[in-house]
Amino acid sequence: MKIETDAIILDIDGTLWNTTGVVAQAWNKAIEKLNFPAQKVNPQNLKSEFGKPMDKIAESLWPNLSKPQRTKLMSECCEQEQIALKENEKKIEFPNVLSTIKKLSERFNIYIVSNCQSGYIELTMQKIGIANFIRDHECYGDTKKYKAENLRLLCERNRLKKPVYVGDTEGDRTACKEAGIKFIWASYGFGTARSYDAKIENFKDLLDLVAPIQLPKTFIRAAVPDDAKELLEIYAPYIERSAISFENTVPTVANFRKRISDTLKTYPYLVLVCENEILGYAYAAPFKNRPAYNWCVETTIYVKHGYARRGLGKKLYSALENILRSQNILNMNACIAHTSGASEYLTNASEEFHKKMGFKKAAHFSQCGFKFGKWFDMVWMQKIIGPHTEKTKDIIPFSEL
């Protein structure tokens, strides 16, 4: 039976990767540097410690040291660890981590919560190549709070209603129980768990285990300028983390309000709402500012991250098409970024979506958008929604429908 969830929160060590070999060498280097009477570590005993907050690890490994000594040694260990991990070129993540996170991110928002030091999550995301797929994160090093409290903080900050946590230790299980979150045990990891809501033996098992929660009833309405802030929250990640939008700078709320107002003078600007939350929007704009193009529009659609492949885009675009047809618009054109190879910033999912909506490719322009230090192609796709005759009908502004 699948677990229904609105978000996936991940542990790091023992769940995403195994760094114990690299870390053991780094920590022993720190012990030698400070010359404290501290027992050296090895990968095996680190496995039994990882998952605990940093102060608890130091207390367990070096009980003979004073608290100030443990604090200083752990600080030096973390510094040497960061250096070692940055320099490491060996593959230390578990199988299928990157590919699975990419696929999961199409349908879920993904987060990380760890008992690690500050900077460790950011380094992990960089080394594995998952930064663009993680919506938010929290750790002991930043808050000085333990995992259960950090789980609650992250859930409150992101308004998560039914998240699951994926971890590998009994400590992860107890944190989830305290935070009221379902626990998925990564049995291939470092530890054991007395109980769990589900178990995975390979990270890719998550693909068959989790399912998006069923959304309550949704409805579509016309946007208003006051929606600008909420719509911008949907749009900003597409600018900052992907090449789906060729904009480089997130517009201001005032600028976005004006965009909505200007569009609504002639064309539809629609939002899809679920329980007072906007989950997506779509609108039309002039194809070209020449009278002969009056019967053509450029269409745009964005769905909130974590809500793709749930039929929301289809509902929005179908509603948009029906309104455009009633305005006497004949051609819907969509400008879509395209990648010819694997990219962490772009997939061709938008092209596939438009194909399913009846669009056909009309043009392909090579290497015409430069973003994140890379060149991306662009395609135009078109859908004819009305007959082209010698007697044209005047376009009816959206405001007059």
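Predicted model: local features only at pLDDT ≥ 70, side-chain atom pairs only at ≥ 80, totals over all residues.
Strand 3 (109–114), helix 11 and strand 11 each supply at least two residues of the lining of the second largest pocket. The volume of the second largest pocket is about 710 Å³. Its lining comprises 31 residues, and those closest to its centre are N109, N158, E277, K304 and Y307. Helix 11 makes the largest contribution to that lining, with 5 residues. Sorted by class, the lining of this pocket holds 13 charged, 12 nonpolar and 6 polar residues.

Rolling a probe the size of a water molecule over the atoms shows where empty space is left. Across the whole structure, a search finds 2 cavities of 30 Å³ or more. The second largest cavity has a volume of about 30 Å³, and its lining is formed by R159, E230, E233, I234, I278 and K304.

The largest cavity has a volume of about 120 Å³. Its lining consists of 15 residues, and D13, F50, G51, M54 and C116 are the ones that lie nearest its centre. In terms of class, 6 residues of this lining are nonpolar, 5 are charged and 4 are polar.

K383 belongs to strand 15, which covers residues 374–384. Is K383 buried or exposed? K383 counts as buried because its relative accessibility is 16%, and the cut-off for that class is under 20%. What does its side chain meet there? A polar contact of 2.8 Å joins the side chain of K383 to the side chain of E321. Beyond its neighbours within four places in sequence, K383 is in contact with E321, L330, N331, M332, M357, G358 and F359. A further relation concerns another lysine: K361 is 22 residues from K383 along the chain, and the C-alpha atoms of the two are separated by 9.1 Å.

The last topic is backbone geometry. Most residues other than glycine have a negative phi, and most peptide bonds are trans. N96, although not a glycine, has a positive phi of about 70°. N96 is placed in the loop between helix 4 (67–87) and helix 5 (97–105). With a relative accessible area of 31%, N96 is classed as partly exposed, because this value lies between the 20% and 50% limits.

N276 likewise is a residue other than glycine with a positive phi, near 70°. The loop that holds N276 runs between strand 10 (269–274) and strand 11 (277–286). Strand 11 is also one of the elements that supply at least two residues to the lining of the second largest pocket. How does N276 stand with regard to accessibility, buried or exposed? N276 counts as exposed because its relative accessibility is 76%, and that class requires over 50%.

Key: Residues numbered from 1 in each chain as written. Heavy atoms only, no water. 1 Å grid on protein atoms, 1.4 Å probe; cavity = no way out; pocket = protein on both sides within 12 Å on 5 of 7 lines; lining within 4 Å. Points joined across faces, edges and corners; volume = space filled by probe spheres on them. Nonpolar A, V, L, I, M, F, W, Y, C, P; charged D, E, K, R; others polar. Helix = DSSP H or I, 4+ residues; strand = E, 2+ residues; numbered from the N terminus. Buried < 20%, exposed > 50% of the residue type's maximum accessible area, 1.4 Å probe, protein only. Contact = heavy atoms within 4.5 Å. Polar contact = N/O pair within 3.5 Å; in protein donor to acceptor, adjacent residues only side chain to side chain.
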